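Open the model in your viewer and keep the selection panel at hand. Each stop below says what to pick and what is there.

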Amino acid sequence: MTEAAHVDSPSHAGDEARELGELVLFHGGEWTEADYEALPPGVRAELHDGRLILTPSPTAQHMFASMTLAGLFQEVLGDRKRVLMEVDVRMADGRRYRAPDVLVLKEFRRGRPMDPANVVLVGEVVSPGGGEERSGKMTAYREAGIEWYLIVEETPAGFLGELYRLDADKYELVADAPPAGVLSLPAPFDSEIRLRELS
C-alpha cells in the first residue's frame, strides 16, 4: 500500500510557529553560531552579536526588486553563478550572520555560509518602514571588509538608490539617485541601475 504524501495543514503550520516562538522565548542567554545553525530548516533569521533577528518573508515588490538587481549584475558580469540571493554571509568569527538580498562574489563557491573575503558587493532592498540597512547591517558589512554596499529603498515615488564603497574603515557614498532615477555604477561594474525598472 502506498503511503500518503504528507501535506502541511494550517494546524501543522501553527504548531511549527508555536514551537519556534517557544524556542526563541525560552532561549537562555545570547544566541551563538551553534544555536543559529541549529534552527529548524526554513526559518528566516539573522544573527548579530548574540541577538537573533527573525525576518518576515519578502513582499512581492521586494522580491521583484531583488530579482531585477540580481539579473542586472548577472548581465554586467557575464557570469550568472557569481550573483546570488539571500545566502548567509558569516562574519565576526561567527557572531554575525546576514543574508543580503543580493550578493556579488569574486568566484562561485558551493554551500553556505559565504566568506566575506569572497564577497565583492552586497545589496539590500529596503521596504517601507525601513530596517537595519543603515545601522546594524551596514556596520556588519563594513567591519567584515566588504568593499561595495548597495541600498535601494522603496518610497511612494519609486525606488531611490545609494552606492557605498569601503574607504579605510568607513563606507563613503560614491553615487546616489532620487526615486525612479538612474544610479550610475563606477568600475568595476561600469553600468547603471534604472531604478524605475525595480517597481
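Start with L150. Leaving aside neighbours within four places in sequence, L150 is in contact (heavy atoms within 4.5 Å) with L69, F73, L121, V122, G123, E124, E162, L163, L183 and I193.

Before moving on, two notes. This is a predicted model, where local features need pLDDT of at least 70, side-chain atom pairs count only at pLDDT 80 or more, and totals for chains, interfaces and linings use all residues. Residues are numbered from 1 along each chain as its sequence is written, and side-chain values use heavy atoms, with hydrogens and water left out.

**The cores**

Select L69, F73, L121, L150, V152, L185 and I193. Of the 24 residues in the largest nonpolar core, these touch the most other members. A nonpolar core is a set of buried Ala, Val, Leu, Ile, Met, Phe, Trp, Tyr and Cys residues joined through side-chain atoms within 4.5 Å. Buried means under 20% relative accessible area, with a 1.4 Å probe and protein chains only. At least two residues of this core come from each of α3, β6, β7, β8, β9, β10 and β11 (182-185). Helices (H or I, at least four residues) and strands (E, at least two) are DSSP runs, numbered from the N terminus. Helix α3 gives the most, with 5 residues.

Now pick L84, M114, V122 and Y149. They are among the 19 residues of another core, which lies apart from that one.

**The mixed sheet**

Colour the strands β3-β6-β7-β8-β9-β10. In that order, these 6 strands form an open sheet with mixed pairing. Two strands pair if DSSP finds at least two bridges between them. The edges are β3 (83-84) and β10 (170-177), each pairing on one side only. Show helix α3 (residues 60-77) next. It packs on the sheet, touching β3, β6, β7 (119-126), β8 (148-155) and β9 (158-167). Its direction makes about 15° with that of β6; axes are lines fitted to C-alpha atoms, for helices over the stretch in contact, and angles run from 0 to 180 degrees between N-to-C directions.

Zoom in on β3. It runs antiparallel to β6 (residues 102-105), joined by 2 bridges. V83 stands opposite V104 in β6.

**The antiparallel sheet**

Move to β2-β1-β5-β4. These 4 strands, in that order, form an open antiparallel sheet. β2 (51-54) and β4 (89-91) each have a single partner strand, so one side of each is left without a neighbour in the sheet. The twist averages 25° from one strand to the next. Select L47: it stands opposite L52 in β2.

Finish on α4. This helix packs on the sheet, touching β1, β4 and β5 (96-98), at about 110° to the direction of β5. Within α4 (residues 136-143), G136, K137, M138, A140 and Y141 are buried. After the helix comes G145, with a positive phi near 85°.

How values were computed. Buried < 20%, exposed > 50% of the residue type's maximum accessible area, 1.4 Å probe, protein only.
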